[in-house]
Amino acid sequence: MLRFFGPFIAPIVGLGFVLALTVAFFMPREAAQVTAQHEFHREPMELHLASDGPFGRFDRQQLQRGFQVYKEVCSACHSLSLVAFHDLEQIGFTKAEVKAIANQWATEQPSINPDTGEPATRKNLASDKFPSPYANETAARAANNNALPPDLSLITKSREGHAAYVHSLLIGYQDQPAELLKKFPDAKTPPSLHYNPYFANLNIAMPPPLAADGQVTYADGTNATRDQMAQDVAAFLTWTAEPKLENRHRAGIAVVLFLLVTTILAYLAYRNIWADKKH
Amino acid sequence: MATLEHTDEPNPAEVGESGVRRRDFINIAAVSFAGAGAVAVVFPLVNQMNPSADVLALASIEVDVSKIAEGQAIKTSWRKQPVFIRNLTAKEIAEANAVDPASLRDPATLAERTKEGKQNWLITLGVCTHLGCVPLGAGEGEPRGDFGGYFCPCHGSHYDTAARIRKGPAPLNLHVPDYKFASDTVVQIG
Amino acid sequence: MSFPWAEHYAPKHPFMRWMDEKLPLPRLVYNAVGAGYPVPRNLNYFWNFGVLAGAALGIQILTGIILAMHYAANAGVAFDSVEHIMRDVNSGWLLRYAHANGASFFFIVVYLHIFRGLFYGSYKAPREMVWLLGVVIFLLMMATAFMGYVLPWGQMSFWGAQVITGFFSAIPVVGEPIRVWLLGGFAPDNAALNRFFSLHYLLPFVIAAVIVLHIWALHIPGSNNPTGVEVKGPQDTVPFHPYYTAKDGFGLGVFLLCFSLLLFFAPNALGHPDNYIPANPLSTPAHIVPEWYFWPFYAILRAFTVNFLWVPAKLWGVVAMFAAIALLFFLPWIDRSPVRSANYRPMYKWFFWVLVADVILLGFIGKSPAEEPYVRIGQFAAAYYFAHFLIILPIISRIERPLALPNSITESVLHGEAEEAAPLGQQA
């Protein structure tokens, strides 16, 4: 059986696959539809953060500013469910500041009434995760025209373009180009949506969150332009998505240096042992 | 082929005494570095079993004690362990102070086990020092043992009104955790 | 043992002698990867990848066991438990990134190991069994990797599980019941997640067991070598230890360096952003793409777009994808050329490199969206893949005229170094 396999059976089986693919290859194709998003979607603008590169460290001042933007602008609709208040100590807040931030947070933590067992809320503790502004997904959709504001904890890792995407999206709102409407008359942005070329399908449900310069007032005196706020919150969300980035970079440099030395020694040992053998 | 085999043998000219030593040194160094690396890798592999950040964040809790009436006790949870908070009556305090500490298995006075000026607040872990059961006596109607404090049903340890061991197999008094009064009515444990 | 001149295990210390009588494990190790295993002296760096694959499996098992201490296989909390590992567990980020990227590195070294076998004819007699067991390991790896990718329960996890179990529904009549049985439901959910976790934990140990068989089968004929000429005598071999342990030690260092660069400085480069979105059964991501190591096979699956010979396109795709791997089982009997190494097979060598380019092209197509021109390129590349193994190989193994083989490994080693060898020759 195996004796015949090579010369006879294999080529017949192979021909079967090749023929099926040849037929598929020559099948006529329908002309591909060119869509507005194909032509008008834009890649995010370049964004440089202190945390970029193998030696990158977070700029804590910027993270705190970004947190302020999240708190005063984004948190009204977007949850940050994977981050706890006490995590803020990592970006330079003191224990007491964290406690105050948790205590004064606008949305309270779901809880029960200790006397009746009825659903209730209580003030946030440092050990709590950031509470969601909505009780559940249905409530979130109902409040947002059936669109669901995504959780922001991992947003910079779960989108192509990462932090640069967040930055570009926040300041990328504009009027729909006349050119687009001329080419794709059906692609007019519906009244409930907003045109944004950095969003995958160009029409985003979120209204422009950073409407004007100076929307927040930074404690450190940084001028809160729209671009600055967008950069700061993108930096903050880079931290929420990857809080161990600094540990990773530090450990990585030590490990790579150690391995370099060890590998060079291993190479020399290898050459030693083989010194007398031709190979 | 006989001529070729000779290439397997070291060229005598190369094997100076120092040459051998240098080679040994490099081999030993390479193996030592690899060994040191392997030992270093063990650290994260072991350390991962320690309490994680979210567990440690719960290491400190605040309890409002304003609703505990005199003579009552509550059971709360700290680090996933029961904590008894008891508002002692004047009689219970007197009983505890009447005992000579030197006569006890684990000598301690009530004053040592409470905060100054707050001697009526007895805060202990609800974990029997014998084998870790939860003693009875914090809940209303539960047996409080022969000495009016707590009673562990597992092996019959009796604690008095200062939660000191008086009878039974437990070796030590109920543990008093680190705590402080954040205000008159709020206790911060841990 | 394979060669009569292999060094014999002779323990000196009384404890080792006692041990050798009671449980001759040190002897086994000595004969398997110690001085007792004679290996051709001319192996090049491509022979490092077997040991590196073993190291990669070791990394996966070690980090995997630890991750399982913190992971929760429940559809409600699986995603959050992975983030708990990334954020709260001590060094958790390191362990999880090492495991995720370790899977990629396992496949990188195994692919290099496979292509080394293809180039140097390591699948040919007398090493057919070594090759067959290797293909079994490869299949087990693919199953393990797929199920592991489901565990974080992100969008790609969920839709990957949906698509891959969907393969089975291509089987006529019994397909759909099999799919439902595999998932324990009508779509991936808790039942599927739990059984995938259980099997993902089990299969690596099965792989380890098959690796033992793989090495056992290898030790019967001994290792192949770049000339493909069999070992003729003691002058052709060196003991595995210290010669190849030293070389593998250096190889391991280079491997760990590359691994660390990715792990510490670009840990998400090979992953897909969508897997950081929790699984949502109501919304499919724009492009479903498997992990990179499945791209070539995914391209073959998608290349079949037309019903042909009464067989629906979907079934063609699934059968072809499995056939693309299964044909490797028959390779020792498809390629009948008596010469092993491509260095002495002028035609095969050429087609080998075309195959490498073809598989890379298939990988690129597997990653690209299902649009023109990618679909047509993919159809061409898939057709070439089958043609290479099933049509071209049988033909060239008949018509090719191999180059003259060296008489022995030693001769080939010293060939071209005649000038260096001359003084020694004169001494003799």
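## Reading strand pairing and an interface

Me: Which strand is joined to β5(B), by how many bridges, and in what sense do the two run?

Reply: This is a predicted model, and in it strand β5 of chain B, residues 148-152, is joined to β6(B) by four bridges, with the two strands running antiparallel. Phe151(B) stands opposite His158(B) of β6(B), and the two strands form a hairpin that has four residues between them, where Gly156(B) in the turn takes a positive phi of about 75°.

Me: What pairs with β6(B) over two bridges?

Reply: Strand β7 of chain B, residues 165-167, pairs with β6(B) in the antiparallel sense over two bridges, and Tyr159(B) has Ile165(B) in β7(B) as its bridge partner. The hairpin of β6(B) and β7(B) has four residues between the strands, and Ala163(B) in that hairpin has a positive phi near 60°.

Me: Are the residues on the two faces of β6(B) buried or exposed?

Reply: Taking a residue as buried when 20 or more other C-beta atoms lie within 10 Å of its own, both faces of β6(B), residues 157-160, are covered: Ser157(B) and Tyr159(B) are buried on one side, and His158(B) and Asp160(B) are buried on the other.

Me: How many residues of chain A are in contact with chain C, and which element gives the most?

Reply: In chain A, 49 residues are in contact with 53 residues of chain C. Both α1 (2-26) and α9 (245-273) of chain A supply at least two residues of that side, and α1(A) gives the most, with 17 residues. By class, the side of chain A that touches chain C has 32 nonpolar, nine polar and eight charged residues.

Key. Residues numbered from 1 in each chain as written. Chains lettered and ligands numbered in written order. Predicted model: local features only at pLDDT ≥ 70, side-chain atom pairs only at ≥ 80, totals over all residues. Contact = placed C-beta atoms within 7 Å. Nonpolar A, V, L, I, M, F, W, Y, C, P; charged D, E, K, R; others polar. Buried ≥ 20, exposed ≤ 12 C-beta atoms within 10 Å, placed from the backbone. Pairing = 2+ DSSP bridges.
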